[in-house]
Amino acid sequence: MDAMEANQFREFGKTMIDYVANYLENIRDRRVLPTVEPGYLRPLIPSEAPQKPDSWKDVMDDIERVIMPGVTHWHSPKFHAYFPTANSYPAIVADILSDGIACIGFSWIASPACTELEVVMMDWLGKMIGLPEEFLACSGGKGGGVIQGTASEATLVALLGAKARAIHQVKKEHPDWRDADIAEKLVGYTSSQSHSSVERAGLLGGVKLRGLPTDDSNRLRGDTLEKAIKEDRDAGLIPFYAVATLGTTSSCTFDNLEEIGPVCNDNNVWLHIDAAYAGAAFVCPEYRYLMKGVEMADSFDFNPHKWMLVNFDCSAMWLKDPNWLVNAFNVDPLYLKHDQQGSAPDYRHWQIQLGRRFRSLKIWFVLRLYGVENIQKHIRKQIGLAHYFEKLVKSDERFEVTEEVLMGLVCFRLKNETNEVNERLLKRINARGTIHLVPSKIRDMYFLRMAVCSRLSEESDMEVTWKEVRESADDVLEKKVNGF
Ligand SMILES: Cc1ncc(COP(=O)(O)O)c(C=O)c1O
């Protein structure tokens with residue numbers, strides 16, 4: 001017996017759509033951080049699965065009772081932690097369709113629409129953000145795009161492609177060297193400010209990865225990279241891979257691609273660009289100066305699931321020559337072969353896992369239902385809100401803004417106060433429970449990060465956030481004076 005007939009699905013589904021719409025429209029009224037303690041959930045539900053089916057209405061009733069008390073409301077305009085994660089109605093509806101079709105698009109024949117829409121959507125997106133033609137499938141060259149689950153996967157996949165390329169090239173010169181001996185000599189580069197997933201890619205890929213120092217503005221510079229490459233070559237190592245970040249996690253800083261690119265190209269080092277958050281801003285031509293030099297990269301990745309209104313998971317990755325991946329990961333058992341092999345990408349070769357969802361549907365729905373113009377408006381509005389908050393912070397002489405505000409992130413701290421006092425400020429803000437922020441630290445300076453995260457955010461939300469920060473500072477500084 002089916003647990004649910006189509007008519008019940010219609011009712012349940014429509015009820016859920018109403019619930020989600022109400023949840024999102026009224027999300028401001030919820031406390032952004034839950035107050036539950038670890039282990040809160042187990043006592044609220046039975047210790048075993050039911051023998052006989054529950055009704056879907058019982059399940060609906062349990063959402064507010066069991067789930068919502070333990071939800072951190074990432075889409076509340078009062079949530080300013082990390083970076084945004086996208087949420088839009090067109091993307092949610094697309095995921096319903098994807099889940100209805102529920103295909104596993106590992107090869108072209110496994111669902112031709114799944115592969116073909118992905119190829120075209122990656123071209124649409126690439127054109128929207130001004131990527132050079134060589135990255136696009138429509139150029140007719142080798143290049144093309146693929147949807148990865150996350151930016152972390154993209155960094156790892158690019159590293160594995162670079163590793164395969166390096167081993168292949170070294171073997172041409174030294175046919176007697178074993179792969180393992182070559183891999184031991186490989187060395188990659190990134191900056192001390194890159195995301196932790198880059199260091200992790202080095203560990204997972206079994207290669208050395210150096211975190212290089214940045215300049216006073218926290219940017220990785222070409223001469224630093226060049227010096228490191230020379231040192232390593234002199235020590236008998238083989239430089240093969242570099243990751244530049246456009247929009248670092250701590251402070252949304254942009255590495256200097258115009259300097260890094262030629263160093264990589266001259267030294268046969270694969271350049272991967274991690275623009276996980278900030279890449280979405282390149283949909284607005286006025287921000288493309290920050291990606292100058294992108295044509296020198298071998299691969300580029302940004303997350304539409306962060307700032308481009310496409311729900312998680314959707315990380316857009318382009319490669320100038322995907323063959324390095326395809327060849328590196330190509331195992332071809334008989335049950336996955338098909339007659340049209342080679343005429344369209346078999347995306348299983350471009351990624352780590354075999355299975356993949358029909359994720360391009362959500363890009364298609366979002367781009368069609370918003371149009372490029374509204375996506376540009378969204379980005380510009382959120383950057384405008386960050387500048388508004390910056391102005392509020394600067395209006396209070398107790399505070400300083402510690403990094404130039406370029407995107408939707410404002411880094412700030414209590415001026416002339418110790419890290420400890422600033423840590424107390426953050427604790428106080430989060431304990432009040434109205435807004436949620438996370439900190440970061442660069443060169444031993446602790447600061448607070450205010451990211452504009454919700455698509456619903458307005459100036460009035462920035463004012464609420466600023467009031468929380470200001471009043472928390474009053475508390476913390478007053479306690480300091482009173483000797484607490
Ligand atoms: C610069 C940068 N790279 C990578 C990541 C990791 O993204 P993902 O969760 O898609 O792996 C982040 C996350 O915030 C990031 O800011």
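User: Where is aspartate 313 placed?

Analyst: Aspartate 313 sits in the loop between H10 and strand S7 (315-319). Helices (H or I, at least four residues) and strands (E, at least two) are DSSP runs, numbered from the N terminus. This is a predicted model: local features need pLDDT of at least 70, side-chain atom pairs count only at pLDDT 80 or more, and totals for chains, interfaces and linings use all residues. Residues are numbered from 1 along each chain as its sequence is written.

User: What is the omega of the peptide bond from phenylalanine 312 to aspartate 313?

Analyst: Omega is near 5 degrees, and the bond is cis.

User: Why is lysine 306 called buried?

Analyst: A residue is buried if 20 or more other C-beta atoms, placed from the backbone, lie within 10 Å of its own; 12 or fewer make it exposed, and anything in between partly exposed. Lysine 306 has 25 C-beta neighbours inside 10 Å, so it counts as buried. Lysine 306 lies in helix H10 (residues 304-307).

User: Which residues is lysine 306 in contact with, leaving aside neighbours within four places in sequence?

Analyst: Contact requires C-beta atoms, placed from the backbone, within 7 Å. For lysine 306 the partners are Phe83, Pro84, Thr85, Ala86, Ala276, Tyr277 and Ala280.

User: Which feature does UniProt place at Lys306?

Analyst: The unreviewed UniProt entry gives "modified residue: N6-(pyridoxal phosphate)lysine" at Lys306. Such annotations may be inferred rather than shown by experiment.

User: How many residues surround the ligand, and which are the closest?

Analyst: 15 residues surround the ligand, and the closest are Thr150, Ser152, His195, Thr249 and Ala276. The test is a C-beta atom, placed from the backbone, within 6 Å of the molecule.

User: How does the shell around the ligand divide by class?

Analyst: The shell has 4 nonpolar, 10 polar and 1 charged residues. Ala, Val, Leu, Ile, Met, Phe, Trp, Tyr, Cys and Pro count as nonpolar, Asp, Glu, Lys and Arg as charged, and the others, Gly among them, as polar.

User: Which residues of H7 are buried?

Analyst: In helix H7 (residues 196-205), Val198, Ala201, Gly202 and Gly205 are buried.

User: How do you know that they lie on the same side of H7?

Analyst: They cover an arc of only 100 degrees around the axis, which puts them on the same side of H7. That arc is taken over the directions from the helix axis to the C-beta atoms. Ser196 and Leu203 are exposed on the other side of H7.

User: What do the buried residues of H7 pack against?

Analyst: Their partners are helix H5 (151-173), strand S2 (186-191), strand S3 (208-212), strand S4 (238-245) and strand S5 (270-274). Glycine 206, with a positive phi near 65 degrees, follows H7.

User: What makes tyrosine 82 partly exposed?

Analyst: Tyrosine 82 has 16 other C-beta atoms within 10 Å, so it is partly exposed. Its phi is near 55 degrees, a positive value in a residue other than glycine. Tyrosine 82 lies in the loop between helix H2 (56-67) and helix H3 (89-101).

User: Why does asparagine 416 count as exposed?

Analyst: Asparagine 416 has 9 C-beta neighbours inside 10 Å, so it counts as exposed. Asparagine 416 also has a positive phi, about 60 degrees, although it is not a glycine. Its place is in the loop between strand S9 (409-414) and helix H13 (419-432).

Methods:
Contact = placed C-beta atoms within 7 Å.
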